[in-house]
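Me: I'd like to learn how to read the interfaces in a multi-chain model. Could you walk me through it?

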Amino acid sequence: MLNRLFVPLAVVAAAMFAYAPFMILNAPYEATMGLVQKIFYFHASAGMGLFLAAFVSGIGSAVFLFTRKPAADRVAVAGAELTVMLGLIVLVTGPLWARKAWGVWWQWDARLTSTLVMWMIFNAYLLLRRYGGPGSDRLAAAVSLFGMANVPFVYWSVNVWRTLHPTTSVIPSLKPGMRGPFWFCVVAFLLVSTLILMVRTELEKRRQELDELYLAVED
Amino acid sequence: MSLDFNQLRIVDVSRTFGRRRALNKVSLTAGAGTMTALLGHNGAGKSTLLSIAATLLQASSGRVAYGDIDAATGGSALRARIGLLGHDLYLYPELTAGENLEFFAKVYGLDGIARRVAAALERAGLTDRRDDTVAGFSRGMRQKLALERALIHEPRLLLLDEPFTGLDEAARSALRDRLRVAREAGAIIILTTHDTAAIEGLTDATATLVDGRLAA
Amino acid sequence: MKAFARAVWVVTRKDLLIETRTREILFTTVFFALACVLVFAFGFVKEGRPMEDVAAGILWIAIAFSGTLALGRAFERERQGETLRALLIAPIDRPALYLGKLLGILILLAAVEILIVPLVALMFQAALFDHALIMVALLVAGTLGFAAVGTLFAAMLVRTRSRDVMLPVLLYPLTVPVIIAGVRGTAALLQQPADLPMARAWLSFLLFFDIVFLTISLWTFEPVMTE
């Protein structure tokens, strides 16, 4: 599809990730947390990539459910796997940051909790596809669709739930010097996410072509 | 709402599950008032073909036509003219014979339910067991009830999956008679079995599936 | 429209008929909910006095756990004898089938809650009925949200391997908003003095969730159930 663009974009992404640590190093320190806060650049960017992947998976699933186009299902699977992967990054970097910044590994912070729930939903998607037996592609598509629709509800309810109690885990508002590195990292992550989606979709397409070849051999 | 057809045409139907091809370009035609037997070993694809004919499963390729109506566009009106009886009999063991029949009669939107239920029980020879729960019935009795349930809406197309399994000779004979009656009434009957002896002298045509293909 | 409503009622009535005859799911679910409440009590009662807010949490967890069990069992019934197949081949509209099963589950869960809620109020000295109207509204809206998603998934998993464990794995993350809203809404009512605006806010949230997910479930029931 965008095959010709893939290699140049991959090079750009690699370059961005190579440069990112330097940008982050030169970014201003945050007042209270110091060095530790700098994990935020990757943590928050991964979070954005995660929600993008979840939406892509959800929309692909919806299209697949109603049109049965295999291409839509491929996109859905790719999105779900990416969601799980980025979710893992967010859920590991989050507690690492929290531990150093506020002394506790986990604090039922609104964003982390929402991410955890989303991560579990898409894990369930992958479990269903793997262990559900025949026909589980449609069933998993329903899970993904519901998962995507759930995002605003989970986020809102966890947010309100958390603000009822005093909390120290408020993401600091960005100082001017931080915005540059932040958006740079966001773009880098979104770019890599898109590239991974493309590769994974292509892989799924090859897998289906292999199935068709198996069937053709029988004829 | 009322839809009817005189012929079932299955044209070059294939069905794949991942890497496994369950059916490979199978074609079959059956007209009203005929009984066709689908033979083959377990795993040959008989149940798959029956599910496709019942509109419960979509074919991966090929066409299924009910008269002029296509499987994809038939909708619930088409389903109202199809009767299916699987190996598991589709009965609620906690309900009585009468209640099972009544429920399905209502689901099919039939009128004169009391009359139809009484007639069905009569044909199954279960009139005195009307208020007994199905859980207490023998296999043969359940089979008879299940068959009447499948026929209660007078379907044009009747599909039966291994209906002779687990029946003694008397029950088999009763089943054969009941099917003959249905055939006289103009139904298109397709049944699967791997027991050729059971259908001797009964069917008008046979088709044999071997590994998803029709044997000549 | 009338035919649709009649179809829904035929399915629900059949489920209720079976249930009133055997009372199997009702009794086992009630006792399971009771067992849940008991186990949680041992976890959360300190020195003979329940910790704050515990009643709200325990109530909704008991509802979620026993609801999942009831859903699984209700569809297990349709798996025996493969009657779900018979229903799918009938001319009944798929959404009517979904609503019929949903209504049956709701009535069953209502019966369970009628017994469990007063019991929780008693055992945890929680004034759950001071604002009975809002409490009941929360219970209805929350149970509806839970059951709406649960009915779709339980139906969808009927022929799936590992369905017993897959249902909770799928259902719990997806109904997190319902649990949060139910617990927080109930807790708001239990506060001294009760925080009525907060409870009403959570109630509105639940109703919104119900509308959205009931719609999505009705919409996706057909494609999900056809092979």
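Reply: Here we look at two interfaces, one after the other. This is a predicted model, where local features need pLDDT of at least 70, side-chain atom pairs count only at pLDDT 80 or more, and totals for chains, interfaces and linings use all residues. Residues are numbered from 1 along each chain, chains are lettered from A in the order written, and side-chain values use heavy atoms, without hydrogens and water.

Me: How many residues of chain A are in contact with chain C?
Reply: Contact means heavy atoms within 4.5 Å. Here 29 residues of chain A are in contact with 33 residues of chain C.

Me: What area is buried between chain A and chain C?
Reply: Buried area is the accessible area (1.4 Å probe) that two parts lose on being put together, summed over both. Between chain A and chain C that is about 2,800 Å², with 80% from carbon and sulfur atoms. On the chain A side, F66(A), F146(A) and F153(A) lose the most area, together 25% of what that side buries.

Me: How many salt bridges are counted between chain A and chain C?
Reply: A salt bridge is a side-chain nitrogen of Lys or Arg within 4 Å of a carboxyl oxygen of Asp or Glu. The count between chain A and chain C is 0.

Me: And how many are there between chain C and chain B?
Reply: That count is 2. The side chains of E99(B) and R21(C) meet in a salt bridge at 2.6 Å, N to O. Chain C and chain B bury about 2,500 Å² between them, 63% of it from carbon and sulfur atoms.
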